[in-house]
Amino acid sequence: MPARITFTTETPTGPRSTSLVYERRGAGEPLLLLHGIGHHWQAWEPVLDVLATERDVIAVDLPGFGASDGLPEGCAYELSTVVSVLGAFCGAIGVERPHVAGNSLGGLLALELGREKLVRSVTALSPAGFWTEAERRYAFGTLRGMRGAALSLPVPVIGRLSRTAAGRTVLTSTIYARPARRSPEAAVAETLALRGATGFHQTLAAGRAVRWRDDLPSVPVTVAWGSRDRLLPHRQGVRAKRVLPGARLVRLPGCGHVPMNDDPALVARVILDGSR
């Protein structure tokens, strides 16, 4: 069962309290899992139990997403702010320098945690920030369209769509290469998570200026990209390798933007190998 923890974090106006929801399973070295924009910790459910055989796995709802609180008033949804909250969260649950794996926005945050030397290793799955301006505009426009659709569809319609493979394709094919594999319950839950994401627009606004340009020579880095990523095309992985020449670049054949559901065994192996 997920837990909620309230803790204090530093803000431009002084210490403020916030709370995050997280799921924790397994034993071993700690591994922090960070989802993408509009998603929730359950995005990692297909790989959680496999990862938990070797790691103390903490999958967290990012601030303003899932069931977590938004950032405290006056805090911008910028990398440095969210990473500061995640650092305070790790301290509150008794974790020091975990391994981290993130997808999309979560991959970008994982790289920032690595830059701040707050983690032991970084695994970034289709991380944001390696786009051209045209690619960024396309991705952000697509995300806004997904959010608009989630807000406009009545909940009973979402439920009916989720019951068929074709309906789940309508709901989730932008981020999954194999949307029919997603369970009806998961398809409904993540559509509702997208429509309820209070940090969505502020996160997109902050992302307009993001371009990742820094190498991380002191932290082991794995960058993995789905060959069928429709949101951030896999050519961005080659670009990431140029920026991070010491990183291990892994291709995820047949996987979309959120690869954990498309090939759980492969993604779990990539994460575990990256955290060894």
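First, the ground rules. This is a predicted model, where local features need pLDDT of at least 70, side-chain atom pairs count only at pLDDT 80 or more, and totals for chains, interfaces and linings use all residues. Residues are numbered from 1 along each chain as its sequence is written, and side-chain values use heavy atoms, with hydrogens and water left out.

Let's start with His 40. Where is His 40 found? In the loop between β3 (29-34) and α1 (45-51). Helices (H or I, at least four residues) and strands (E, at least two) are DSSP runs, numbered from the N terminus. Is His 40 buried or exposed? It is buried, with a relative accessible area of 6%. Buried means under 20% relative accessible area, exposed over 50%, and partly exposed in between, using a 1.4 Å probe and protein chains only.

Now its partners. Beyond four places in sequence, His 40 is in contact (heavy atoms within 4.5 Å) with His 35, Asp 61, Gly 66, Ala 189, Glu 190 and Ala 193.

Next, Ile 5. It lies in strand β1 (residues 3-11). Ile 5 is buried too, with a relative accessible area of 15%. Ala 92 is 87 residues from Ile 5 in sequence, yet 7.8 Å away in space, C-alpha to C-alpha. Leaving out residues up to four places away in sequence, Ile 5 touches Thr 18, Ser 19, Leu 20, Tyr 22, Phe 89, Ala 92 and Ile 93.

On to the pockets. A pocket is an open set of points on a 1 Å grid over the protein atoms alone, where a 1.4 Å probe fits, with protein on both sides within 12 Å along at least five of seven lines; lining residues have an atom within 4 Å of a point. Grid points are joined across faces, edges and corners, and a volume is the space filled by probe spheres set on the points.

The largest pocket holds about 370 Å³. It has 25 lining residues, and those closest to its centre are Met 146, Leu 171, Thr 172, Ile 175 and Leu 194. α4 (133-152), α6 (165-172) and α7 (184-195) each give two or more residues to that lining.

The second largest pocket has about 310 Å³. Which element gives the largest share of its lining? α8, with four residues.
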